Amino acid sequence: MPNAVIDDGLFDLLLMRPGSVLGWIRVWAKVAWNGIVRRTKAGKAFAGEQKNDGDLHYRTGKKFSARLSRPEEIEPDGDGLGKAVAFNAWIEPGALQIRVSADAN
């Protein structure tokens with residue numbers, strides 16, 4: 001998530017749902033390419049803004065609700081929680097203190 005800010009009080013979501021092997025290849029290439037290119041100021045300028053496509057969707061917000069067509073494994077923040085057909089997540093201001101050094105940007 002190249003444009004994510006740790007202390008802005010917003011979720012930074014990357015939703016992936018490739019429909020084919022080619023879709024997974026496109027997702028991998030886009031994520032890997034952004035990870036390499038965006039490490040420098042010139043790379044960020046070259047890569048431009050994140051763009052949604054049929055396989056990848058970027059979102060931000062204070063609340064997130066998902067309804068799935070069938071039970072799917074869910075992994076909020078990479079931690080497996082099992083299968084779900086729906087879930088809600090939200091930001092609770094002040095619930096977690098985050099300390100960021102002044103030179104973190």
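## The overall picture

Keep in mind that this is a predicted model. The protein has 105 residues, and 15% of them count as buried. Its fold holds two helices and four strands. Read from the N terminus, the order of these elements is β-α-α-β-β-β.

How do parts of the sequence that lie at least 24 residues apart meet? Among contacts between residues at least 6 apart in sequence, 54% join residues at least 24 apart. The protein exposes about 8600 Å² in total, and carbon and sulfur atoms supply 56% of that area.

Start with Asp-55, which sits in the loop between helix 2 (41-47) and strand 2 (56-61). Is Asp-55 buried or exposed? Its relative accessibility is 7%, so Asp-55 counts as buried, the cut-off being under 20%. Leaving aside residues up to four places away in sequence, Asp-55 touches Leu-15, Met-16, Arg-17, Pro-18, Gly-19, Gly-23, Arg-26 and Val-27.

Next comes Tyr-58, a residue of strand 2. With a relative accessibility of 11%, Tyr-58 is also under the 20% cut-off and therefore counts as buried.

Finally, turn to Pro-93, found in the segment after strand 4. Its relative accessible area is 77%, over the 50% cut-off, so Pro-93 is exposed.

Each of these residues can be paired with a partner from another part of the sequence, as the table shows.

| Pair | Apart in sequence | C-alpha to C-alpha distance |
|---|---|---|
| Asp-55 and Leu-22 | 33 residues | 10.0 Å |
| Tyr-58 and Leu-13 | 45 residues | 5.7 Å |
| Pro-93 and Gly-9 | 84 residues | 6.9 Å |

## A nonpolar patch on the surface

Now look at the outside. Which residues form a nonpolar patch on the surface? They are Ile-6, Leu-96, Ile-98 and Val-100, and together they have about 390 Å² of accessible area. One of them, Leu-96, lies in the segment after strand 4 (82-90). Leu-96 has a relative accessible area of 66%, so it is exposed by the cut-off of over 50%.

## The salt bridge

Side chains of opposite charge can pair when their charged atoms come close. How many salt bridges does the structure hold? There is one. Arg-70 forms a salt bridge with Glu-72, and their closest N and O atoms are 3.2 Å apart. Arg-70 has a relative accessible area of 45%, which makes it partly exposed. Glu-72 is partly exposed as well, with a relative accessible area of 22%. Both values fall between 20% and 50%, so neither residue counts as buried or as exposed.

## The largest pocket

Rolling a probe the size of a water molecule over the atoms shows where empty space is left. The largest pocket holds about 1500 Å³ of space. Its lining is made of 37 residues, and the closest to its centre are Phe-11, Leu-13, Phe-64, Pro-76 and Asp-77. Which elements give two or more residues to this lining? They are strand 1 (11-16), strand 3 (63-74) and strand 4.

Technical notes: Residues numbered from 1 in each chain as written. Predicted model: local features only at pLDDT ≥ 70, side-chain atom pairs only at ≥ 80, totals over all residues. Heavy atoms only, no water. Buried < 20%, exposed > 50% of the residue type's maximum accessible area, 1.4 Å probe, protein only. Contact = heavy atoms within 4.5 Å. Patch = residues over 30% accessible without salt bridge, like charges linked within 9 Å, V, L, I, M, F, W, Y side chains within 5 Å. Areas by Shrake-Rupley, 256 points an atom, 1.4 Å probe, with all protein chains shown as cover. Salt bridge = Lys/Arg side-chain N within 4 Å of Asp/Glu carboxyl O. 1 Å grid on protein atoms, 1.4 Å probe; cavity = no way out; pocket = protein on both sides within 12 Å on 5 of 7 lines; lining within 4 Å. Points joined across faces, edges and corners; volume = space filled by probe spheres on them.
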